[in-house]
Amino acid sequence: MPIEIVCKIKFAEEDEKQKEKEEGDKESLIEEPARPRSRDLAAFASASTLHGLGHICQSGRLGVRQTLWAFAFLASLAFFLYQAAKSALLYLEHPHVMALDEEAIREMVFPAITICNINRYRHSALTDADIFHLANMTGLPPKDRDGHKATDLLYPDPDMADIVNRTGHQLDDMLKSCNFSGENCSSRDFTVVYTRYGKCYTFNGDRRNPRVTRQGGMGNGLEIMLDIQQEEYLPIWRETNETSFEAGIRVQIHSQDEPPYIHQLGFGVSPGFQTFVSCQEQRLTYLPQPWGNCRASVQGEQMLPGYDTYSIAACRLQCEKEAVVRSCHCRMVHMPGEGCNESICSPNVYIECADHTLDAAVEDSQERCSCPTPCNLTRYGKEISMVRIPNKGSARYLARKYNKNETYIRENFLVLDIFFEALNYEAIEQKKAYDLAGLLGDIGGQMGLFIGASILTILEILDYVYEVIRDRVSRVLRRSKPPLKKPSGSIATLGLEELKDQSPCETLGRHVEGAYNAGILPNHHHRHHYPHQGVFEDFAC
């Protein structure tokens, strides 16, 4: 069995590099010493800014004092986690509140005013062809007793747009007087617009050049006198979808950015009264998802066809149009759009398809048509009051002025006065009730109150965890490496067989690096100098 003899030669004059090399050689032959460990938990707890931890993690046995501190710390930590969880859940609910403010300004943009006569077709303007084509819509009988016979009468195909435009009430005939903020106005200041009431008119509808008012109160807005022309109302022979029992006009006050949706959003004005409408502008601001449900406008986004800006009314009209086009392959007169595939429906299609489809679309608008509220919206609150007109004296005057009798004046004339209550507006804004800054503030306050910690404390804990993990990983890596055996200039390893074959001097004189010659003897009392290793001091086997 071979026997290894380990000999160590020690020198007196060794520099720092030689010492480090000898230490490395020793580690390679025996074992690797562990590096200095990372800070232990007690040392970390004593230096940490986390309150109470230093009283718990102390060296020695766990005593009553440490136990009480541990219970107090855990209770505070539990309260903190509970409150932090509540704050986080509240933030995830994205609550909001409504803030109301009132601001006064020197001048205000006057709203757009749309008016429609409740009667859609003037009786005197209907031709024989119109009555023939509109028979199912109006319920009017033919002008001859025998009725219209297809073999006797040949009428051209009806043009519904021409019929509505030609037979609707003309503003030149209805408008008797017009005044805006002390200045006279006329029918030229109105634009034609088509709604479900037929031919209607909008005042101040130009969004590029709107009229402004610089004073509030009655007499500083729009004041018009209208003749509703009841003698032109269609006689009722039988009830149809177009039959109307009312007399008067429909009015809608809206912004220039949205089209009129007067059949649902308008209010009625009766003849024989002067109606005062006091307006209050309201500017609403809503939040988009996830705090609200408004539709945020995106730059470069394609708007609704036929409209410059998005609005709920425009969206509803577009949805109704798509439903009618999909079912009837045509559109109604009041619906937007141009194109070869969107021709105007004929009167028969109105009755057989379009009206039923439109009614169904309105009923199912919440399911089939999603029209979210825009994030910025302007609407007008209204306060309506009225007085009867004319009195006895003014009835005679108006009868002579317009060549009518007093009964006609009472049954057909009305006055509409629309004005701002004051030169101010209400700013209604939807705001975040609990944002990220509030969440961080609450968690930070609760953290400081219950456990006395902060963001830097969290960084301290993370730093300590990092050091512990790094120390464990380095230990595992060192253990996985096999021990290294490197010969050095100060250690020689000789086998027993070599000792038998060689003389002691030859055996001792053999060096790996050739630093010593064959004449070296184990005589440590005499010092000899060698150029490579320094002064020879000791020799041991």
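**Contacts and surface patches**

In this protein, 74% of the contacts with a separation of 6 or more are between residues 24 or more positions apart; contact means heavy atoms within 4.5 Å. Please note that this is a predicted model, in which local features need pLDDT of at least 70 and side-chain atom pairs count only at pLDDT 80 or more, while totals for chains, interfaces and linings use all residues. Residues are numbered from 1 along each chain as its sequence is written, and side-chain values use heavy atoms, leaving out hydrogens and water.

The protein has 18 helices and 18 strands, which are DSSP runs (H or I, at least four residues, for helices; E, at least two, for strands), numbered from the N terminus. Of its 541 residues, 39% are buried, where buried means under 20% relative accessible area, exposed over 50%, and partly exposed in between, with a 1.4 Å probe and protein chains only.

Let us turn to the negative charges. Asp101, Glu102, Glu103, Glu383 and Glu421 gather in a negative patch on the surface. Patches consist of residues with over 30% relative accessible area and no salt bridge, with like charges joined within 9 Å and nonpolar side chains (Val, Leu, Ile, Met, Phe, Trp, Tyr) within 5 Å. A salt bridge is a side-chain nitrogen of Lys or Arg within 4 Å of a carboxyl oxygen of Asp or Glu. Lys and Arg count as positive, Asp and Glu as negative, and His and the chain ends are not counted. Strand β2 (residues 96-104) supplies the largest share of this patch, 3 residues. Aspartate 101 lies in strand β2 and is partly exposed, because its relative accessible area is 41%.

Notes. Accessible areas come from the Shrake-Rupley method with a 1.4 Å probe; for residues, only the protein chains shown count as cover. The place of a charge is taken as NZ of Lys, CZ of Arg, CG of Asp or CD of Glu.
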